[in-house]
Amino acid sequence: MKNAKSGRDGRARIIEGALRRFSQSGVSATTLASLRQESGVSVGSFYHHFTSKEHVFGVLYAEILDMYQDAFVSELVRHEDARAGIEAIVAMHMAWCGEHPERARLLISERPPRRNEPGGPEVAESRREFFRQVADWWRPHMKDDVLRPVPATMCYVLWLGPAQEMCRLWFSGAHQPTEEEIRELGEAAWNSLKMP
């Protein structure tokens, strides 16, 4: 029983250490040695859980993406009104990034794992299900001529692109967003996505 617990603790320590290290230095600048040092695990323990730095990143990215998408969908389905939903998601995005800055930095600044890379299949499946859930919410509003029919990529860019850029400024220390600015970001998203 103790060994099983130690195994889980080792994996969790690697993931937690990777989150700190990747968010501070970026994935490409992080070495395997620095990951092991940050998590305090031996070489053997590391390779018991992960095959490479990329494997750690893929698992971590998939976990963060699931966490973010769960928060997104939970907030979205609370709103029957299209405008309320659009604006609430912008506010949720900013709040989530403020509450989870290390995780948000990875989602915003790192390239997601590709399908043939560690974590890639999980990320692809997670995104597919996420887009299905968002489309289920969006479709009735589109049929009622409230929201524009836009492809998923453009929807994301119009909905959260400015908020993402605000988060980049925030994380770099260049600007702390105000409540008024967050409201304005929500209003801008609504104006971009509503039917003319």
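How many nonpolar, polar and charged residues does the lining of the largest pocket have, by class? The lining has 24 nonpolar, 4 polar and 4 charged residues, and since this is a predicted model, everything on the tour below is computed from predicted coordinates.

**The largest pocket**

Begin by selecting Arg127, Phe130, Phe131, Ala152 and Tyr156, which, of the 32 residues that line the largest pocket, are the closest to its centre. The pocket has a volume of about 690 Å³.

**The largest nonpolar core**

Next, select Phe22, Val56, Phe72, Ile86, Trp138 and Trp159, which touch the most other members among the 53 residues of the largest nonpolar core. The helices that each supply at least two residues of this core are helix 1 (2-25), helix 4 (53-76), helix 5 (82-99), helix 6 (101-109), helix 7 (120-143), helix 8 (152-171) and helix 9 (179-193). Helix 4 provides the largest share, with 12 residues. As background, nonpolar side chains in soluble globular proteins tend to be buried together.

Now centre the view on Trp159 and display its contacts: leaving aside residues up to four places away in sequence, Trp159 touches Phe72, Leu76, Gly85, Ile86, Ile89 and Val90, and also Val134, Trp137, Trp138, Ala189 and Leu193.

**The cysteines**

Turn to the cysteine sulfurs, where a search of the whole structure finds 0 disulfides. Select Cys155, whose nearest cysteine sulfur, that of Cys97, is 17 Å away; Cys155 is buried, with a relative accessible area of 10%. Then select Cys167, for which the nearest cysteine sulfur, again that of Cys97, is 3.7 Å away.

**A loop residue with positive phi**

Finish in the loop between helix 7 and helix 8, where Asp145 is found. Is Asp145 buried or exposed? Asp145 has a relative accessible area of 53%, and therefore counts as exposed, the cut-off for that class being over 50%. If your viewer reports backbone torsions, look at phi of Asp145, which is near 60°, a positive value in a residue other than glycine.

Definitions and conventions
Residues numbered from 1 in each chain as written. Predicted model: local features only at pLDDT ≥ 70, side-chain atom pairs only at ≥ 80, totals over all residues. Heavy atoms only, no water. Disulfide = S-S within 2.5 Å. Buried < 20%, exposed > 50% of the residue type's maximum accessible area, 1.4 Å probe, protein only. Core = buried A, V, L, I, M, F, W, Y, C linked by side-chain atoms within 4.5 Å. Helix = DSSP H or I, 4+ residues; strand = E, 2+ residues; numbered from the N terminus. Contact = heavy atoms within 4.5 Å. 1 Å grid on protein atoms, 1.4 Å probe; cavity = no way out; pocket = protein on both sides within 12 Å on 5 of 7 lines; lining within 4 Å. Points joined across faces, edges and corners; volume = space filled by probe spheres on them. Nonpolar A, V, L, I, M, F, W, Y, C, P; charged D, E, K, R; others polar.
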